[in-house]
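Please open the model in your viewer and keep the sequence panel beside it. The tour below moves from one selection to the next and says what can be found at each stop.

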Amino acid sequence: MHKYTLISTRFMKEAMDNSLPLHLSHVRKSISIINRTYTLIHSTALTALLYYRVSFLFQNPEIRSHTPTFPWLLVFSGELILSFIWLLGQAYRWRYVTRTSFPERLPDNKHLPAIDVFICTADPKRQPTFGVMNTVISAMALDYPPEKLHVYVSDDGGSSVTLYGMKEAWAFARLWLPFCCTHGIKTRCPEVYFSGAEDHEDGELRGNEFLEERQKIKIEFELFRERVMRANENCGAGGDSINGDHAPIIEVIDEKEAEMPILVYVSREKRPSHPHHFKAGALNVLLRVSSMISNSPYILVLDCDMYCNDPSSARQAMCFHLDPKLSPSLAFVQFPQKFHNISSNDIYDSLIRSAFTTVWEGMDGLDGPVLSGTGFYMKRVALYGTSIQDDTNLTELRQTFGYSDEFIKSMSQKCKPNISNGRDSLAGILREAQLLASCEFENQTKWGEEVGFLYHSVCEDVLTGYNLHCKGWTSVLCLPSRPQFLGSSITNLNDLLVQNTRCASGLVDIGISKFCPFLYGPLKTSFLQNICYAELSFFPFYFLPVWCFATIPQLCLFNGIPLYPEVSSSFFVVFAFIFLSALSKHLWEVMLTGGSIRTWSNEQRIWMIKSVTTNLYGSLDSIMKRFGMRKASFSPTNKISDSDRVKLYQMGKFDFRISKAVLTSMVTLVELNIAAFIAGVARVIVFGNWEKLLMQVLLSLYILIMGSPVLEGMIVRKDKGRIPYSITLFSVVLAMVVLTLGSVVLLY
């Protein structure tokens, strides 16, 4: 390991002198044993299923003539793909680990390393400035030495209202930060503090002096809110809301006498003719600009709506980064994403329970969790790649990092910028920073290819984390009882589908690129860790078996052709066991993490919806980009709440105001299963061949149960979020066409 990975040696020395560990890890052996046993049993059943399917192909042609070969092969292909992706997913469940940190055992403040906080925003219309400023203030209020904390905001929209909001946030923070430190306030996001239950928590016990001071702060907060929201409505002081063609703008907001973290506004240069690489490009600019101003060895990255819910996250992360045994190979500490606006009936699975429990905790028992875009403390040197060596000459460094000798100099941790040496010093630093934020600086360099956040996917977090793990770095998941960061999750179906389509496209980008885990990682990272990334990359391909199982058995059922074993056959037990064991295992995992049967059904339903919509469209989008048929695009997630949509979400009702093409496909599949189910039941009643068709009848019934919100939206509901009659009628016609053509193509 080169010398730059030892940047925290002096900070770790004091920790080594303390005999008590900074953190502990515990392997959950009982869960691991259950998971491994289940994997073995379920795999055995899958082997029997595959034997049944393959043996059919070698049966007497006279026997096989009763079942068309084409639909049989399609279903068999779906079962193979489903089994393969399921098998990849068992790597998450191999070794569960939980961790406990002890921030009170950290060295004194003077020995703690500095931290740069990166917050990215792009559009004040979709990401309201007041909400972004609350995130900024909460980051400034972290329980960490203020002189070692530096907050950077990347404004990709180039909006004057964002800069105005930051100046207002700085002014309010001068009152807010001392108030939080003096009184030990835990919830340091002012909007949450003054609007929630904590507004009155222990207020009377603190005395009248505290209540009077809080009231004064609250008045100032309301004035701050009013000014920023008025500016947001007016799109700033005469400026445009978004400017996609401008020179780099960098401004440092700081005062010598103020004991506060510095606040830096960064709007990188934007030109229509230059690719900007979305969030990854913005983060790389922040990485370079911050190296000129503060050059802290650690970086906290936050989404603009992901406020600091607990001020101790920095100290929690340092318990791992300053561990002398763990630190040399530790790239980042990941905190799970938690959300404050989840309803009791989370119909859209906005909690993303599976990702932050099963996936992240499972990977933590291997080489560490994947990078998840927000809420992580990254070691700066890890992002510089493996190009820094003792004998690397200046020419090679310039070819990798660009033609800025000042930036190359900053990569030595002995270089500590000082912006307090007067205006001339600051002006020189900002001139260099503007060069680093220009469009052309990355030309002919390895930014986004080998160093910094990588550009090959809109899921830059997953790809960058994978690349770090392949380079020998590790990561850990920190999961305190109190959520360290809270954000606003999606509360309507349209935003869910848009976001997940983008995510699916980004994951497939990785799977079909040079970073494909089956080709890139086998010799660079551990086997199970690489398998986890393979499952992530090809997870969107679930659309293939789900579309298959939602159509082919139904078309055969409609025509009275069995595709599954008879009830009297021993293989019927195999198929039934596989189906029921998969559902039961999922239910067990949900209950284990505090969920309920309703949580389980919501997750099953939304998984099916995503599989037939976002996973399909995201995969097609990625493939089209690969062949140059379309350009990469990125639309920021909408953070503005619509009261009507939120009300439906809180009531547990789907809001079907989504793309007509997506809605039509969902409704058509449900109507297809209705027709197949009715025809199947009729055949069983009339002809009595229930033994042959029972499994297909039950499959259609299960899909209809999971699709009950669609049925309700078509038939029962009268509100704005219902399914339009035109879509229902058009889908009926489309389902009839599918039944007719499908019967001809698949069966004859």
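What follows is a walk through a predicted model, with a surface patch, a helix pair and several salt bridges as its stops.

**The nonpolar patch**

Begin by selecting Phe70, Phe730, Val733, Leu734, Val737, Val738, Leu741, Val744 and Val745, which together make a nonpolar surface patch of about 770 Å². Which helix gives the largest share of the nonpolar patch? Colour helix H28, residues 725-747, and you will have the element that supplies 8 residues, the largest share. Phe70, also part of the patch, sits in helix H4, which spans residues 69-89, and because its relative accessibility is 42%, Phe70 counts as partly exposed.

**A pair of helices**

Next, show helix H5 (residues 129-140) together with helix H9 (residues 208-233), whose axes lie 9 Å apart and which pack at an angle of about 135 degrees. That angle makes H5 oblique to H9. To see the contact itself, display the side chains of Thr129, Phe130, Met133, Asn134 and Ile137 on H5, and on H9 those of Phe221, Phe224, Arg225, Val228, Met229 and Asn232.

**Salt bridges**

The structure holds 27 salt bridges, and the remaining stops visit some of them.

Select Arg380 and Asp116, which form a salt bridge whose closest N and O atoms are 2.7 Å apart. This pair links distant parts of the chain, since Arg380 is in the loop between strand E11 (376-379) and helix H13 (394-401), whereas Asp116 belongs to strand E3 (residues 115-121), 264 residues apart.

Move on to Glu255 and Arg174, whose side chains meet in a salt bridge at 2.5 Å, N to O. Here Glu255 is found in the loop between strand E5 (249-253) and strand E6 (262-267), while Arg174 is in helix H6 (residues 160-183), and the two are 81 residues apart. Glu255 is partly exposed, with a relative accessible area of 27%, and Arg174 counts as partly exposed at 36%.

Then select Asp655 and Arg645, which are joined by a salt bridge of 3.0 Å, N to O. Asp655 lies in the loop between helix H24 (643-651) and helix H25 (660-687) and Arg645 in helix H24, so the pair ties together parts that are 10 residues apart in sequence. Asp655 counts as buried at 0% relative accessibility, and Arg645 counts as buried at 18%.

Note on methods. Residues are numbered from 1 along each chain as its sequence is written. This is a predicted model: local features need pLDDT of at least 70, side-chain atom pairs count only at pLDDT 80 or more; totals for chains, interfaces and linings use all residues. Side-chain values use heavy atoms; hydrogens and water are left out. Patches are made of residues with over 30% relative accessible area and no salt bridge: like charges are joined within 9 Å, nonpolar side chains (Val, Leu, Ile, Met, Phe, Trp, Tyr) within 5 Å. Accessible areas come from the Shrake-Rupley method with a 1.4 Å probe; for residues, only the protein chains shown count as cover. A salt bridge is a side-chain nitrogen of Lys or Arg within 4 Å of a carboxyl oxygen of Asp or Glu. Helices (H or I, at least four residues) and strands (E, at least two) are DSSP runs, numbered from the N terminus. Buried means under 20% relative accessible area, exposed over 50%, partly exposed in between (1.4 Å probe, protein chains only). Axes are lines fitted to C-alpha atoms, for helices over the stretch in contact, and angles run from 0 to 180 degrees between N-to-C directions. Angles under 35 degrees count as roughly parallel, over 145 as roughly antiparallel, 65 to 115 as roughly perpendicular and the rest as oblique. Contact means heavy atoms within 4.5 Å.
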